[in-house]
Amino acid sequence: MLELGRLDDLPSTYRTALASQNLVPLWPSLRAVLPPGKPTPHTQPTCWHYAALRPLLLQAGELTPIEKAERRVLVLANPGHGLEKMQASAAIYLGMQLLLPGEIAPSHRHTPNAVRMIVEGEGAYTTVGGEKCPMQRGDLILTPTGLWHEHGHDGNEPVVWLDVLDLPLVHYLEASYVEEGQPQAVTANGSERGYRSGGVVPSRMFARNDRRYPMLRYPWAEVRQSLQALAADSEDKEVVQVAYVNPETGDNCQNILGYSALMLRPGEQITLPARSPAAIFHLIEGGATLGVDDVSFTLSNADTCSVPGYRPISLHNTSATEPAFLFIADESPLHRKLGVYEVRQAD
Ligand SMILES: [Fe+2]
């Protein structure tokens, strides 16, 4: 590949003349924006261990009352993007949120889409679009773009959950904003109950639910059962993974980020092929190692890591007797819509 001219090859008078007209020569920057073969990501393989994060999050509960925080969150920031950018990848934001007994996080809605993955504690709930969603460990709860949501806590122990948002992308598009609202009246409970059996959906004389987000809570107990049933019914080499989808359409449950859960059989070692989207992995249960490039992370309860796209990822269940369960968020719906989605098989 040809070596291109550098900016300081150009006379300073010429560079000054360009800048005065808001002009920039392309060739000194061409290789940076169009690198050969594959992108040069800012996203670094990064792991946040829950055992290290948890005491700091609980300390935030002592240092900052909820009224002074609105949402009491520690952001899992990828150093490759700069901590101040608060990004896990180009399009993914991650935050670990703490709600103490009796606290509420007031009603609001915003343009970025969010999901919650519940990490620990009992008794908290999220009300989304008038539906009250109990928060139990491993549950996935959607708070999609434009839907009012608020959090409350009737239990007696701290509750922690992982927030995943497409905030970096929506902010980059200059489309990110929030509106504050009044406490919601609860008008519905348990949209997941109508969709709990695969293959059938609620129907009133064939009128179907055409809400863009018909199901808001995906209970972990049922997702876990699905994974175990799939594992029991599949070949040993098949990856045991389920996607969180809109049960009316089968599409991804949200527009920009995709969500799935993966089970590793006892002792299992798998390699996921290199795909263009960046991803995050969060350990729900068990123990595993994750390898990407020449980095390896040992994951235990509620550990979370981010990995850039375009490289294979190896996963290994470190237990010979128990399964391991991982929650995965990635940028694949976005990549597919943009037409840049790729899967690369090993050479
Ligand atoms: Fe929110």
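**View 1. Cysteines without a disulfide.** A disulfide is a pair of cysteine sulfur atoms within 2.5 Å. This predicted model holds zero disulfides. Cys47 is in no disulfide. Its nearest cysteine sulfur belongs to Cys305, 5.0 Å away. Seen from Cys305, the closest cysteine sulfur is that of Cys47, and 5.0 Å is too far for a bond. Cys47 has a relative accessibility of 17% and counts as buried. Cys305 is buried too, with a relative accessible area of 0%.

**View 2. The iron site.** Three histidines coordinate the iron ion: His108, His110 and His149. Each of them donates through NE2, at 2.1 to 2.2 Å. The spacing of the donor residues in sequence is H-x1-H-x38-H. His110 belongs to strand S4 (residues 104-110) and His149 to strand S9 (residues 149-153), so this pair ties together parts that are 39 residues apart in sequence. His110 counts as buried, at 13% relative accessibility. His149 is buried as well, with a relative accessible area of 1%.

**View 3. A six-stranded open sheet.** The strands of this open sheet follow the order S11-S4-S9-S6-S7-S12. Their pairing is mixed. Strand S11 (178-180) and strand S12 (188-189) are the edge strands, and each pairs on one side only. S12 runs parallel to strand S7 (residues 131-134), and two bridges join them. Across this pair, Glu131 stands opposite Ala188 in S12.

View 4. The largest nonpolar core has 56 residues. Which of its members touch the most other members? They are Val164, Tyr244 and Tyr259. Strand S10 (residues 159-165) supplies the largest share of this core, with five residues. Leaving aside residues up to four places away in sequence, Val164 touches Ile92, Tyr93, Leu94, Asn113, Ala114, Val115, Leu257, Tyr259, Phe327 and Ala329.

**View 5. A second core.** A separate core of 20 residues is also present. Among its members are Leu262, Ala288, Leu315 and Leu326.

View 6. Thr289 lies in strand S19 (residues 288-292). Is Thr289 buried or exposed? Its relative accessible area is 19%, and the cut-off for buried is under 20%, so Thr289 is buried. Not counting residues up to four places away in sequence, Thr289 touches Ser296, Phe297, Thr298, Ser314, Leu315, His316 and Thr318. One of these contacts, Leu315, is a member of the second core.

View 7. Most residues other than glycine have a negative phi. Glu70 has a positive phi, near 65 degrees. Glu70 sits in the loop between helix H4 (66-69) and strand S2 (73-75). With a relative accessible area of 32%, Glu70 is partly exposed. Met86 also has a positive phi, near 55 degrees. Its place is the loop between S2 and strand S3 (93-99). Met86 counts as partly exposed, at 40% relative accessibility.

Methods. Residues are numbered from 1 along each chain as its sequence is written. This is a predicted model: local features need pLDDT of at least 70, side-chain atom pairs count only at pLDDT 80 or more; totals for chains, interfaces and linings use all residues. Side-chain values use heavy atoms; hydrogens and water are left out. A nonpolar core is a set of buried Ala, Val, Leu, Ile, Met, Phe, Trp, Tyr and Cys residues joined through side-chain atoms within 4.5 Å. Buried means under 20% relative accessible area, exposed over 50%, partly exposed in between (1.4 Å probe, protein chains only). Helices (H or I, at least four residues) and strands (E, at least two) are DSSP runs, numbered from the N terminus. Contact means heavy atoms within 4.5 Å. Two strands pair if DSSP finds at least two bridges between them. Donors are N, O and S atoms within 2.8 Å of the metal (3.2 Å for Na, K and Ca); water is not among the atoms, so sites may look incomplete.
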